[in-house]
Amino acid sequence: MPDRYDLPAGFRWGVATAAYQIEGAVDEDGRGPSIWDTFTARPGTVRDGHTGAVACDHYHRYPEDIELMRGLGLDGYRFSIAWPRIRPTGAGPANPAGLAFYDRLVDDLLAVGITPLPTLFHWDLPQALEDRGGWLNRDTAYHFAEYAAIVADRLGDRVPAWITLNEPFVHMVYGHALGIHAPGHALMLDALPVAHHQLLAHGLAASLLHERGLDVLISNNLTPVEPASPSPADLAAAEAYDTLHNRLFTDPLLLGRYPDLTAFGTGPDLHGAVRPGDLDLITATPLTGLGVNYYNPTRIAAPTDPSLPFTFAEIPDVPHTAFGWPVVPDGLTHLLLHLRDTYGKALPPLTITENGCSTTEGPDDTFRISYLSTHLDALATAAAEGVDVRGYYTWSLIDNFEWAEGYHQRFGLVHVDFVTQARTPRASYAWYRDLIAAHRVRCATGGSVTSGDR
Ligand code: FCB
C-alpha cells in the first residue's frame with residue numbers, strides 16, 4: 001500500500017487559516033465591519049457568546065506565527081484576506097492600511113521561503129454589502145471582482161496563485177439556508193441564488209486575475225455521499241444530496257452547466273438567478289487547480305420530512321472528532337477517485353486546501369496525528385491510482401475561532417491560550433515538521449526513507 005512518503009516529488013506542504021478566525025483587531029486601521037462582527041454581536045448565535053474581536057491576535061502577532069510556519073519547513077501558507085480591511089464599505093476606495101498589512105505578511109512569508117496562497121473570500125462579507133442584500137444580490141459578485149483586482153494589483157507581483165472563494169456550499173447552507181453562520185438567514189431552498197452569485201463572483205474575479213497572469217483556484221467543501229442502504233429510495237436521496245453539496249458547486253465550473261435541481265424545486269436558473277451568458281462568465285477562465293476541503297463523508301437516507309429530498313444518517317462504527325465528525329480516511333480516496341471518474345479531462349490538478357480535526361487533547365495530540373497520517377496515506381493511495389494531487393494544507397496552524405462553536409473546537413498543530421495568547425506547539429507540530437522533512441529526503445534520494453524517518 002502506498003503511504004504518505006510516496007506522495008509525488010514537488011508535492012507542496014502547507015497549513016491553512018482564515019482572517020476572521022485568527023486576526024482579531026476588528027476595529028483597527030480602518031477595517032469596516034463584516035457580517036461576522038454583526039452576527040457574533042447578536043445574543044445566542046455563537047456558543048458562549050464568543051466573537052472574533054481578538055481571536056488569535058494574529059494581526060499583531062503574525063511575525064510569531066510566521067516563525068512557527070518556518071519551523072515546520074512549509075512550502076506554502078493558505079490564509080484569507082479580509083475584504084472589509086481592503087474595502088471597508090464594500091465599494092469605494094481601497095484602505096491603504098488594510099493593503100499594507102497583507103503586503104507585510106506576504107513579504108515576511110517570502111523572506112522565509114513560504115509561498116503565500118491567499119483566499120479572497122472566507123465568509124467575512126463587508127456588512128455594508130449585506131445591508132444591500134449580500135449574496136442574494138447579484139451586484140455583490142461585481143463588487144467582489146473589483147476588490148479582487150485591487151488586491152491582485154497590490155500583491156500579484158509576489159503572489160502567483162489565488163483562491164477566489166472558500167466553500168461556497170457551506171456559506172450558502174450554514175449562512176443563508178439554516179442561519180447557523182453569518183449572516184444568519186434561514187431561507188432554506190430560497191437560499192439557492194447565493195450559490196449562483198458566489199460562482200458568478202468567482203468567474204468575474206477569475207478573469208481579472210488571469211488577465212494579470214495569475215493562477216486561479218477555488219476551494220470547495222466536498223464530501224463523498226453514501227446511501228444508508230441499496231434501496232431505491234436511499235439511492236435517490238443520496239444522489240440528491242450529492243447534487244446539492246458537491247455537483248451544484250463543481251459542475252458549473254468544470255462542465256459549464258448546473259446539475260438537475262428538480263429534487264430541490266427549481267430548474268437550472270436557480271429561482272431566476274442565472275441570466276443568459278452567466279455560465280460562460282463562470283467558465284471563461286479555466287481553473288489552474290481545484291482546492292478540495294475534506295473532513296468526512298456523508299451518509300444519506302430517504303427523507304423523513306417532505307421539505308427536503310434527503311435525511312442524514314449516522315456512519316456506524318467509526319471514531320468521531322471532538323466536533324462529532326466521523327473519521328473516515330478512505331473517504332478521501334473515494335472522493336478523489338470519484339472526482340476523476342466524474343469529470344475526466346475537465347478536472348484540473350487537485351490541492352487539498354483543508355483537512356484536519358478538532359480534539360480535546362493536551363500537548364500530546366495522538367488522535368490528531370493519527371487523523372492526519374491516515375488521511376495523508378489515503379491521499380497517497382489516490383495519487384498512486386493516478387489522481388493528480390499537488391499539495392496539502394492542513395487545517396489549522398493554530399487553534400482559532402471556530403465560527404458558531406467559538407473557541408470550543410481546537411484544530412491547531414499549535415495550542416493557543418486565549419487569555420495570554422501564548423502559542424505552544426503540540427506533538428502534531430513536530431510530527432508534521434518531521435514528515436515534511438522526511439518526504440523531501442525521500443524525493444531527493446529517489447525513495448530511500450529509513451524506518452527511523454518514518
Ligand atoms: C471549514 C472552514 C474552516 C474551518 C474548518 C474546520 O468548513 O472552511 O474555516 O472552520 O471547516
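Leaving aside its neighbours within four places in sequence, with which residues is Gly179 in contact? Gly179 is in contact with Phe39, Val173, Tyr174, Gly184, His185 and Ala186, where contact means heavy atoms within 4.5 Å. This is a predicted model, in which local features need pLDDT of at least 70 and side-chain atom pairs count only at pLDDT 80 or more, while totals for chains, interfaces and linings use all residues. Residues are numbered from 1 along each chain as its sequence is written, and side-chain values use heavy atoms, with hydrogens and water left out. Helices (H or I, at least four residues) and strands (E, at least two) are DSSP runs, numbered from the N terminus.

- Three strands, in the order E6-E8-E9, make up an open sheet with mixed pairing; two strands pair if DSSP finds at least two bridges between them.
- The edges of this sheet are strand E6 (225-227) and strand E9 (311-313), each of which pairs on one side only.
- From one strand to the next, the twist averages 45 degrees.
- Three bridges link E6 with strand E8 (residues 298-301) in the parallel sense, and Val225 stands opposite Thr298 in E8.
- Helix H10 (residues 232-255) lies across E6, E8 and E9 and runs at about 170 degrees to E6; axes are lines fitted to C-alpha atoms, for helices over the stretch in contact, and angles run from 0 to 180 degrees between N-to-C directions.

- Thr223 is found in the loop between strand E5 (215-221) and E6.
- Thr223 is buried, with a relative accessible area of 2%; buried means under 20% relative accessible area, exposed over 50%, and partly exposed in between (1.4 Å probe, protein chains only).
- The side chains of Thr223 and Thr298 are joined by a polar contact of 2.8 Å. A polar contact is a pair of N or O atoms within 3.5 Å; within protein, one must be able to donate a hydrogen and the other to accept it, and residues adjacent in sequence count only if both atoms are side-chain atoms.
- Not counting residues up to four places away in sequence, Thr223 touches Tyr241, His245, Asn246, Asn296, Pro297, Thr298 and Leu335.
- His245 lies in helix H10 and counts as buried at 6% relative accessibility.
- The side chain of His245 makes polar contacts with the side chain of Asn221 at 2.9 Å and with that of Tyr241 at 2.7 Å.

**Strand E5 and its partners**

- Six of the seven residues of E5 are buried, so this strand is largely enclosed by the rest of the structure.
- Strand E4 (residues 161-166) pairs with E5 in the parallel sense over four bridges, and the bridge partner of Ala161 in E5 is Asp215.
- E5 also runs parallel to strand E7 (residues 289-293), to which five bridges join it; Ile218 has Leu290 as its bridge partner in E7.

**The ligand site**

- The ligand is surrounded by Gln21, His122, Trp123, Asn166, Glu167, Tyr295, Glu354, Trp395, Glu402, Trp403 and Phe411; a residue is near a molecule if one of its heavy atoms lies within 4 Å of it.
- An oxygen atom of the ligand is 2.7 Å from an N or O atom in the side chain of Gln21.
- For Asn166, a polar side-chain atom lies 3.0 Å from an oxygen atom of the ligand.
- In the side chain of Trp403, an N or O atom is 2.9 Å from an oxygen atom of the ligand.
- The protein covers 96% of the 290 Å² of accessible area that the ligand has on its own, with accessible areas taken from the Shrake-Rupley method with a 1.4 Å probe; for residues, only the protein chains shown count as cover.

- Arg85 has its place in helix H4 (residues 83-86) and is buried, with a relative accessible area of 1%.
- The side chain of Arg85 reaches the backbone oxygen of Ala25 at 3.3 Å.
- Beyond its neighbours within four places in sequence, Arg85 is in contact with residues including Glu23, Glu28, Arg31, Tyr59 and Tyr102.
- The C-alpha atoms of Arg85 and Tyr102 are separated by 9.7 Å, and these residues are 17 residues apart along the chain.
- Gly179 is found in the loop between helix H8 (168-177) and helix H9 (192-211), and counts as partly exposed at 22% relative accessibility.
- Gly179 and Ser370 are 191 residues apart in sequence and 33 Å apart in space, C-alpha to C-alpha.
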